[in-house]
There are 2 protein chains.
Amino acid sequence: MNAEAPDPPAALPIALDAAGGDHGIAPNVEGAVQAARAGVPVLLVGPRVALHAELGKHAGSAGLPLTVVDAPDVIGMDEHASDVRSRSGASINICTRLVKEGQAAAAVSMGHSGATMASALLTLGRIRGVDRPAILTHLPSKTGFVTLLDVGANADVKPVYLAQWARLATVYLRVVEGKEDPTVGLLSIGEEEHKGSQLVLEAHALLREQDGRGLRFYGNVEGRDIFQGTTDIVVTDGFTGNVVLKLAEGEAKVLFGWVRDALGSSLQTRLGGLLVRGALRGLAERMDPSTYGASILLGVRGLAFIGHGSADARAVKNALLRASRAHQAHLIGRLEAALAPQ
Amino acid sequence: MNAEAPDPPAALPIALDAAGGDHGIAPNVEGAVQAARAGVPVLLVGPRVALHAELGKHAGSAGLPLTVVDAPDVIGMDEHASDVRSRSGASINICTRLVKEGQAAAAVSMGHSGATMASALLTLGRIRGVDRPAILTHLPSKTGFVTLLDVGANADVKPVYLAQWARLATVYLRVVEGKEDPTVGLLSIGEEEHKGSQLVLEAHALLREQDGRGLRFYGNVEGRDIFQGTTDIVVTDGFTGNVVLKLAEGEAKVLFGWVRDALGSSLQTRLGGLLVRGALRGLAERMDPSTYGASILLGVRGLAFIGHGSADARAVKNALLRASRAHQAHLIGRLEAALAPQ
């Protein structure tokens with residue numbers, strides 16, 4: 001911590017790993033400026049001089065609730081997650097420490113996902129009753145959006161993790177998104193309860209047991225149910241969830257590319273394309289991951305958000321607003337209460 | 001077998017489970033008529049009277065190489081796969097027996113997938129060197145199509161299965177699709193070889209060992225690589241593969257629905273929509289599973305194809321043509337040679 005670290009302000013600020021991500025500090029600073037304009041105070045954690053220089057490019061940013069916290073080091077996208085153990089001056093470690101010490105409401109990073117997870121887990125610890133934290137994200141669906149977890153924190157899991165994640169996600173949707181009684185689907189390869197892997201069969205039994213006690217279990221769902229929005233929450237292991245997330249994003253990108261190509265294929269379609277362009281742009285935005293900003297690492301004792309390395313300013317801003325909303329809704333306390341042994 | 005069973009004809013016919021599928025015999029008979037017109041002889045296995053009546057609706061079908069084989073029983077979509085053990089008169093069992101006895105080149109069914117797998121495995125047995133058969137299918141990609149397996153035969157697998165499937169799929173693409181030296185990707189949650197589940201880490205090591213000896217191993221691929229077509233083949237467990245297949249089809253359906261809605265949203269977009277309609281229809285067809293007809297059950301000692309329950313006549317026809325092509329290319333013999341212990 002350096003001399004620029006703030007006294008705890010009236011509204012607790014969000015600590016942003018301002019050096020994290022594929023595009024360095026520019027989109028982080030721009031997103032922070034936008035969030036600050038929307039009333040969310042931000043601690044910009046990263047190389048002090050560069051951050052001040054970048055802030056200088058944004059007219060009027062001097063009056064905003066933005067504070068630079070110097071971090072001499074950053075964990076690069078191609079370094080090892082385990083480096084967080086030895087590099088206490090890395091920006092992500094300073095972010096999670098600010099949360100731990102009560103000087104920040106949440107840590108947000110578009111940098112190395114594994115490092116962010118490791119740093120959050122090491123510094124903040126786990127909520128009682130949670131064996132492993134999971135990454136929760138949103139995908140668009142016919143019903144608006146569907147909430148999916150785990151999307152990559154745990155490649156190998158036990159049935160009880162899935163049951164814990166279902167509870168955590170239920171509280172998250174209730175508290176942060178205002179969905180009163182969200183339904184939980186267990187991702188499988190058939191709707192019938194006797195279908196699926198050994199993991200899914202055992203998780204199904206656990207979830208069935210807990211139905212009506214802290215969660216609403218719909219039963220098994222299949223791959224096609226995700227975009228249909230059959231349930232509000234889809235729970236799965238971090239291997240399958242990560243494949244689902246990357247396939248869903250990759251497929252949307254390729255399909256919209258094909259639509260673009262089809263519209264450019266002749267004079268007639270180019271004319272038609274001019275007329276439909278605006279309507280299709282709305283669609284592409286609906287599929288854009290930056291709409292949701294970042295995913296939450298659910299199950300650690302403090303708020304930690306993990307974004308795409310390719311995040312733009314809009315994604316950074318949305319992540320900061322989401323983090324602020326989760327803090328104001330007392331998400332961590334609500335999760336602790338819901339998971340406490342009865 | 002009844003009196004209508006044929007002497008083995010010059011070109012061995014394909015046995016079609018003519019009663020299988022959500023829509024009963026009509027699309028099966030229509031698809032068989034189309035395949036027969038294209039020169040592929042077909043045995044229509046199902047209820048004799050109903051099949052003759054349906055055939056009567058197709059003018060000129062009398063001169064085609066179509067033969068009805070009576071099957072008094074059919075395994076319904078909501079019955080148990082294990083029923084194949086006790087119901088020897090079920091249409092799918094008669095199909096696989098015709099293959100076993102050398103009277104048919106392949107069995108094709110749009111009916112109960114689990115029953116088709118069970119019947120093929122019980123009647124035809126496994127190819128030597130294959131622990132578990134897998135279902136191989138195709139998905140559209142930027143490069144044309146990508147070949148994915150297993151898409152649902154095995155929810156829980158061992159690393160060695162994945163390595164065997166990679167060899168089988170390599171031979172399949174070489175022999176049936178004319179891809180000389182197809183690349184194999186292992187589906188994981190990171191490109192780096194140290195990322196993934198325990199299963200994937202061990203399968204990665206096995207595939208690395210076999211690279212250059214019967215297969216060409218690219219390394220790990222991620223969900224986004226499927227539509228990118230990064231590799232010709234993507235190998236994964238039957239749980240993940242089934243989720244991928246159903247998600248990919250479901251997402252395409254929802255996204256194209258959104259495109260349709262966007263084009264109908266105003267007078268301007270409806271005008272534009274008229275101009276681009278033809279170009280977009282080509283795209284929807286590219287995503288249509290019936291283009292590929294059916295998936296092959298790879299690893300049994302005989303040709304068995306499994307289609308969508310919702311298959312239309314075009315899917316049935318394409319499945320029959322694909323089965324005929326696999327037979328003419330001596331696929332089973334080539335697979336046996338490739339998997340034989342060295």
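**Sheet first, then the interface**

I started with chain A and traced an open sheet of 11 strands, ordered β3-β2-β1-β4-β11-β10-β5-β6-β9-β7-β8, with mixed pairing. I'm reading all this off a predicted model.

Next I checked the edges. β3 (66-70) and β8 (216-221) of chain A each have a single partner strand, so one side of each has no neighbour in the sheet. Neighbouring strands are turned by 30 degrees against each other on average, ignoring direction.

I zoomed in on one pair: β7 (183-187) and β9 (233-235) of chain A run parallel, joined over 3 bridges. There, G185(A) has V234(A) of β9(A) as its bridge partner.

Then I looked at helices on the sheet. α1 (25-37) of chain A lies across β1, β2 and β3 of that chain, at about 170 degrees to β2(A). α6 (198-210) of chain A lies across β7, β8 and β9, at about 160 degrees to β8(A).

On to the interface. I get 54 residues from chain B and 55 residues from chain A in the contact. The two chains bury about 4500 Å² between them, 76% of it on carbon and sulfur atoms.

How many salt bridges are there between chain B and chain A? I count 2. One I looked up joins the side chains of E222(B) and K246(A), at 2.3 Å from N to O. I also find 11 residue pairs in polar contact across the interface.

On chain B's side, the elements giving two or more residues are β5, α6, α7, α8 and α9. α8(B) gives the largest share, 19 residues. By type, chain B's side splits into 28 nonpolar, 18 polar and 8 charged residues.

Key. Residues numbered from 1 in each chain as written. Chains lettered and ligands numbered in written order. Predicted model: local features only at pLDDT ≥ 70, side-chain atom pairs only at ≥ 80, totals over all residues. Heavy atoms only, no water. Contact = heavy atoms within 4.5 Å. Buried area = accessible area lost by both parts, 1.4 Å probe. Salt bridge = Lys/Arg side-chain N within 4 Å of Asp/Glu carboxyl O. Polar contact = N/O pair within 3.5 Å; in protein donor to acceptor, adjacent residues only side chain to side chain. Helix = DSSP H or I, 4+ residues; strand = E, 2+ residues; numbered from the N terminus. Nonpolar A, V, L, I, M, F, W, Y, C, P; charged D, E, K, R; others polar. Pairing = 2+ DSSP bridges. Axes fitted to C-alpha atoms, helices over the stretch in contact; angles between N-to-C directions.
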